[in-house]
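Subject: the model we talked about

Hi,

Here is the structure I promised to pass on.

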Amino acid sequence: MDSALIPEGVKRCSLWKFLLALSITSGVLLWGVIAMLLCWIKGLNQTNMNDYYGFALWIWADLAVIALGGGAFFSGLLKYIIGKDELKNLINYAVLIGFICYSSALLILAIDVGQPMRSWFIFWHANIHSMLTEVAFCLSCYFAVLTIEYIPLILENRQINKVPFFHHLAHNMHGVMAIFAATGAFLSFFHQGSLGGVAGVLFGRPFAFRDHILIWPYTFFLFTWSAAAFGPCFTLFITWMTEKITRKKLVKDKPILLLAKISGWMIVTYMVVKSIDTWYWATHTAPSLGFNWEFFFKNNPLYGKTMLFSEIILGGWIPGLLLIFRPTRENSVTRTTAFFLGMAGVCINRWVMVLQTMAVPVMSFDSWAMYIPSWQEVATTILPVAYGVILVMISYRYLPIFPQEKELNPIEGSAGSVDKQVGQTPAGDDSPLQPAQI
Amino acid sequence: MKQEHTQHRSKRYGMVIDLDKCTGCGACMVACFSENNVPFKKDETDKRLSITWMKVYRIDNGRDFPNNQVCYIPRPCQHCAGQHEGHSPCVSVCPATATDYSRETGIVSQIYTRCFGCRYCMGACPYHARYFNWWDPVWPEGMEKYLSPNVSPRMRGVVEKCSFCFHRYQLARDKAYANRRKDVKEADYQTACTQACPAGAITFGDLNNPGHAVHQIVKPNDHVVKNKAGISIIGKSQNPNVFRMLERLGTNTKVYYLSSREWVRKAGDNYIADEKPEDMFAEQKKH
Amino acid sequence: MLPFCFEWVYDMGHFVFHGGLWYALSIIGMGMTYCVIKSVIDTIKGGKGNHLH
């Protein structure tokens, strides 16, 4: 039924199967939308946040998706600026994932603020010394860049591309994409960094506070670096998942191994710096503020040294080493395990920088604050995941996301029959019944 | 010289709370509620959702009877100056300039109509002196007639905090203007908690004015000193019994505490191993 | 009550921040304007072209 919209030369599941999967995901999306509306209409009393936990699950989700979405800016930088042309086979998907991550982050922020209608005050009354101002400006601008990068993909849909103007627009946008990618990398550097700065500048919170280089705390650079290191892990992990779900090889090994290798080296170098930062914080920064570093990891039910071990060793050094050594990088199981561990590691990092920072008592007579999110918070955090899955499903079905798909999955039969086969779809559910089938 | 001159001309309102006098009665909290139209709910069992501009903490020395001692610590907004005047933990992070530091009075203000409720300031404040309006205020029937006309009530979704009863400063300034005086008299500007304290534990005034009682008790250092971590400490008290909460973080608050008990003074900050409060400036003294 | 009055602040921090921001926005804006105008011209000139991406 929708065969005219499906890219030429590729095979997709039947429309009914697609719609069924879409409706299931939409159910999850609806659950999130209900929770979102509750938060907007009734207010943030719908959450389990409190005056100790002003920043909670949402801000973590925000930081996590932006870190994971970092694959978009870093792949763009590698392809368009550094000239790793091989990555052209992954860049579309990286852009799509980045677009989903950033739009999700903006949506979460819109739910998270107490007076969403006043969100524009951040631009109008901007306090340029606030890291959050830098985040808001660069995040919005970079989202615009990602939208610009995503538009040519939409325009390449078979039907849309038939319109001459859209065809030319897609072509011309591709022509200047390097400029957009460079601008995106510039903006990304700052907003990833300023997200790190959000925690690092809190001189009233010794757990998060870090020394500065110029006006930027060390976390500024660590966040940018980690996003560039772990973002590609997420891009590659989602690519792997997509291949498993579609039961097709969509990208050749060469670009995957290239990005995995670069990601591995980025992770290892990041871990060197992160380990030095942690050591310096534990032996200098925290003690100078009156805290033994072990204080931050005891006398509470959740935040123990296991958390630190999980972040630095399990979610940092191990995936980094797995990806830099050729045998483990080329082995699909260890490679995918490394992607997963890396993603978990960066998510733990964002978690501790937000939630553990809030949990630690600072006044000597105060106590640890624990928090369990409400269902509305959980639902609104899952909402972007459902939205992302839907957008991936639609984009994969109707847009030429994977340039190598056609080559890797040739459709049997003559070239002339390609259109017909695509039109009929594998199960042929939407084609008229043939006499033989009756 | 210029800086010195400016410092003497501007005011730095602050308070000193005598913890040896405080009985923990909570009159300061009640007065604050009433004066500032602080909203409350039917169910206030979850204290982390209660708005208490002035909050009284209870601490003890951790020893068994009969050596057990208790101390109550009233905690308003500390009106931090930060590492340099105006770089308070909260003011420096607010993205929409909805909280501001007055160099004229040293008071940290909150612009309710500008705050969009991101709560970054709450995360930045180590004293938990900032509160979010999780609900719209609902007053018991008839009570709205008794609200203070000088303080605007806050709506859902914005942050609020102690303002050192800034509206009283405005009234005192108007009074001074009407009486053709340039300066606000010490007695004309006193916070509600100061006046309500039955034990007279709170002393409020201009820390820069040697004529004010608060200055005489605190004896703030005119010079900026650095502690051994290299953090600038502004207005360090020269009274050995006076301390500030979390002073070593460099928040440079304008709320001082007074106690003759060493364990109380030590509770004001965090120390590792066998560090002592007096060690913080050991190197400074050598110089 | 809307804050119609924009608070202009003239200091180095604002110059650097807004300079960087508007520099990036200008590139994005000019880039998109170029693409749209060129596409309109290409369309008017006629022909779908044979672009390979």
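I'll begin with the contact between chains B and A: chain B puts in 43 residues and chain A puts in 40. Two residues count as being in contact if their C-beta atoms, placed from the backbone, lie within 7 Å. On the side of chain B that touches chain A, the elements giving two or more residues are β2 (55-60), α3 (120-124) and β6 (131-132) of chain B. Helices (H or I, at least four residues) and strands (E, at least two) are DSSP runs, numbered from the N terminus. The largest share of that side comes from α3(B), with 4 residues. By class, this side of chain B has 28 nonpolar, 9 polar and 6 charged residues. For the classes, Ala, Val, Leu, Ile, Met, Phe, Trp, Tyr, Cys and Pro count as nonpolar, Asp, Glu, Lys and Arg as charged, and the others, Gly among them, as polar.

Before you go further, please note that this is a predicted model: local features need pLDDT of at least 70, side-chain atom pairs count only at pLDDT 80 or more, and totals for chains, interfaces and linings use all residues. As for labels, residues are numbered from 1 along each chain as its sequence is written, while chains are lettered from A and ligands numbered from 1 in the order in which they are written.

Chain C also touches chain A, with 24 residues from chain C and 25 residues from chain A. The chain C side of that contact divides into 12 nonpolar, 8 polar and 4 charged residues. Chain C itself has 1 helix and 0 strands, and buried residues make up 11% of its 53 residues. Buried here means 20 or more other C-beta atoms within 10 Å of the residue's own, exposed means 12 or fewer, and partly exposed is in between, with C-beta atoms placed from the backbone.

Back to chain B, which has 8 helices and 12 strands. Its radius of gyration is 19 Å, close to the 19 Å that the globule rule gives for 287 residues, so chain B is as compact as a globular protein of that length. (The radius is taken over C-alpha atoms, and the rule is 2.2 Å times the number of residues to the power 0.38.) Along the principal axes, the C-alpha atoms of chain B fill a box of roughly 60 × 55 × 40 Å. Of the 287 residues in chain B, 47% are buried. Among the chain B contacts with a separation of 6 or more, 57% join residues 24 or more positions apart.

Two spots in chain B have backbone geometry to check. The peptide bond from Phe65(B) to Pro66(B) is cis, with omega near 10°, and Pro66(B) sits in the loop between β2 and β3 (70-75). Arg119(B), in the loop between β5 (108-110) and α3 of chain B, has a positive phi near 70° without being a glycine. Arg119(B) is buried, because 25 other C-beta atoms lie within 10 Å. Chain A has a positive phi too: Asn299(A), not a glycine, is at about 60°. Asn299(A) is in the loop between α10 (253-288) and α11 (305-324), and is exposed, with 12 other C-beta atoms within 10 Å. As background, most residues other than glycine have a negative phi, and most peptide bonds are trans.

The largest nonpolar core has 218 residues, and Phe230(A) and Ile17(B) touch the most other members. A nonpolar core is a set of buried Ala, Val, Leu, Ile, Met, Phe, Trp, Tyr and Cys residues joined through C-beta atoms within 7 Å.

You will find Ser194(A) in helix α8 (residues 177-200) of chain A.

Cheers
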